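Biologist: Please put the model on screen. I will ask about single residues, then about packing.

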Amino acid sequence: MTTSEKALGRGTAVVIGGGLAGLAAAWALRGRAERIIVVERDHYPAEAVFRAGVPQGRHAHLVLEAGHRLLEEMMPGIKQELASAGARQVAISEVRWLSSAGWMAEYAAQMSFLSCTRPVLDKLVLDRVRTAPSIELLESTDVVGLLGSAGVVRGVKVRERGPERGEVREIPAELVVDAAGRSTSVPKWLTELGCRPAPEERVDAGVAYSSRLFHRPAGVDLGAQAVYLQTKAPDAPRMGVLLPVEGDRWIVSLAGMRGAEPEPGEAGFTKHLDGLRDPLLREALRDAEPAGEVRGFLPGPGVRRHYERGGPDGLVVVGDAASTFNPVYGQGVTVALFCARELRRTTLRHDGIGHAAARDARRAISAVSKDPWVMSCAEDARFATTTGAPAGALLALQHRFLDKVLVGATRNPVVTKAFHEVLSLVEPPSLLFRPSVLGAVLRG
């Protein structure tokens, strides 16, 4: 590699989108790029409050065990900062979890997850990113297009937002990272450059959300810190989750697959509560005082874009812009952190942000998103109203095996622990086939 090529690989990186995925990606690029510019369409609020640019932020979020391990590795000390801000660490054993096969068996779990409202998590990650001299936050600015050609992305076109929109200007870059989320325009802009569209998988369960914050009522004993009432295909397509969050509050999110969506407003929220498989949530909220309005959310289909199959040089796509999951499985934040980790690893391996690093990053990001995608799509496929879902004899076999696992998880803590580790993205699905677990499943 020549001196000029080395310099090229150490120049400017532009990150489209300053949400969690974008901020994590920018943090991952420290020391590999001389200058990192995060282009964010919103103006960041001074406090940890909900913002329009994160519509999913008003609904239940959690950082799975694998995610908060990685977050602490990336930003040492942030776990304690989250706890100081009111985030609750909830052991898996402190979740009353009703699976399709019944209540999960109790055991002394070592794994946990962090539970807080999304603005608390976003604010602490943003505060950490602000400490990096090489990262520049370009707020209240839209990316309106890409620079480059069919084979290479060389930067972005941006324009300030506001009543008097500014002129379009160009920001050249050696690397562009798309972290714009579900609504990304990058596929359209790539088409305008003459690029072939990235192959896509698209699965749509038609899920819809309805969420509300509540003050935790005194004297209520759930028998646990959190509650998860799952769907049960094909006849029970509604789910509900209660998580503890800062301010001694609960966030309660209800969801339904296509045809069982929560109806709008307070009346719709109450009606959906009444339609859940178990009355636990309804009873817990009987005397709870609301701490906010009912909020709805339509996340849209799950989409997985395969940029590793010949995407243009100079581009890496992370987070929901690369793989958008059905949010009922709680995978999104953790997979976004996985993407940042792989971006960090590949740019370290190549000692820069050049094209070879970008190609490796695209492959690595595709690999770490595969298992979560397969797991979520396989569950979505259980509902006849899901469109684009996988089908066939292999899927039917997977469903039968997982049904046995779930039955085992209601009776045998060995199976319960393994199931939790897979769902928490700590271990791959192959863990369920290890002799100690498989034997317990088959005996069950």
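Biologist: In which loop does Ala33 lie?

Modeller: This is a predicted model, in which local features need pLDDT of at least 70, side-chain atom pairs count only at pLDDT 80 or more, and totals for chains, interfaces and linings use all residues. Residues are numbered from 1 along each chain as its sequence is written, and side-chain values use heavy atoms, with hydrogens and water left out. Helices (H or I, at least four residues) and strands (E, at least two) are DSSP runs numbered from the N terminus. On that numbering, Ala33 lies in the loop between helix H2 (20-28) and strand S2 (35-39).

Biologist: Is Ala33 buried or exposed?

Modeller: Buried means under 20% relative accessible area, exposed over 50%, and partly exposed in between (1.4 Å probe, protein chains only). Ala33 has a relative accessible area of 5%, so Ala33 is buried.

Biologist: What separates the C-alpha atoms of Ala33 and Phe50?

Modeller: Along the chain, Ala33 and Phe50 are 17 residues apart. Between their C-alpha atoms the separation is 31 Å.

Biologist: Which backbone oxygen does the side chain of Thr386 reach?

Modeller: Thr386 is in the loop between helix H10 (355-380) and helix H11 (393-409). Its relative accessible area of 11% makes Thr386 buried. At 2.7 Å, the side chain of Thr386 reaches the backbone oxygen of Asp380.

Biologist: Which residues is Thr386 in contact with, leaving aside neighbours within four places in sequence?

Modeller: Contact means heavy atoms within 4.5 Å. With those neighbours left aside, the partners of Thr386 are Val203, Asp204, Ala205, Arg258 and Asp380.

Biologist: Which residues does Thr184 touch, not counting residues up to four places away in sequence?

Modeller: Thr184 sits in the loop between strand S12 (175-178) and helix H6 (186-192). Thr184 counts as buried because its relative accessible area is 12%. Residues up to four places away are not counted, and Thr184 touches Asp178, Arg305 and Ala321.

Biologist: Which residues touch the most other members of the largest nonpolar core?

Modeller: A nonpolar core is a set of buried Ala, Val, Leu, Ile, Met, Phe, Trp, Tyr and Cys residues joined through side-chain atoms within 4.5 Å. The largest such core has 99 residues, and those touching the most other members are Leu82, Leu121, Val125, Ile135 and Val318. Apart from it lies another core of 23 residues, including Val39, Val186, Leu190 and Ala321. For the largest core, then, the names are Leu82, Leu121, Val125, Ile135 and Val318.

Biologist: At what angle do H11 and H12 pack?

Modeller: Two packed helices are described by the angle between their axes and the distance between the axes. Axes are lines fitted to C-alpha atoms, for helices over the stretch in contact, and angles run from 0 to 180 degrees between N-to-C directions. The axes of H11 and helix H12 (residues 413-423) are 7 Å apart, at an angle of about 120°.

Biologist: Which residues of H12 meet H11?

Modeller: From H11, the residues involved are Leu402, Val405, Leu406, Gly408 and Ala409. On the H12 side they meet Val415, Thr416 and Phe419.

Biologist: Which residues does a cis peptide bond join?

Modeller: Pro234 is found in the loop between strand S15 (226-229) and strand S16 (238-245). With omega about 0°, the cis peptide bond joins Ala233 and Pro234.

Biologist: What is the phi of Asp248?

Modeller: Asp248 lies in the loop between S16 and strand S17 (249-256). Its relative accessibility is 49%, so Asp248 counts as partly exposed. Although Asp248 is not a glycine, its phi is positive, at about 50°.

Conventions. A polar contact is a pair of N or O atoms within 3.5 Å; within protein, one must be able to donate a hydrogen and the other to accept it, and residues adjacent in sequence count only if both atoms are side-chain atoms.
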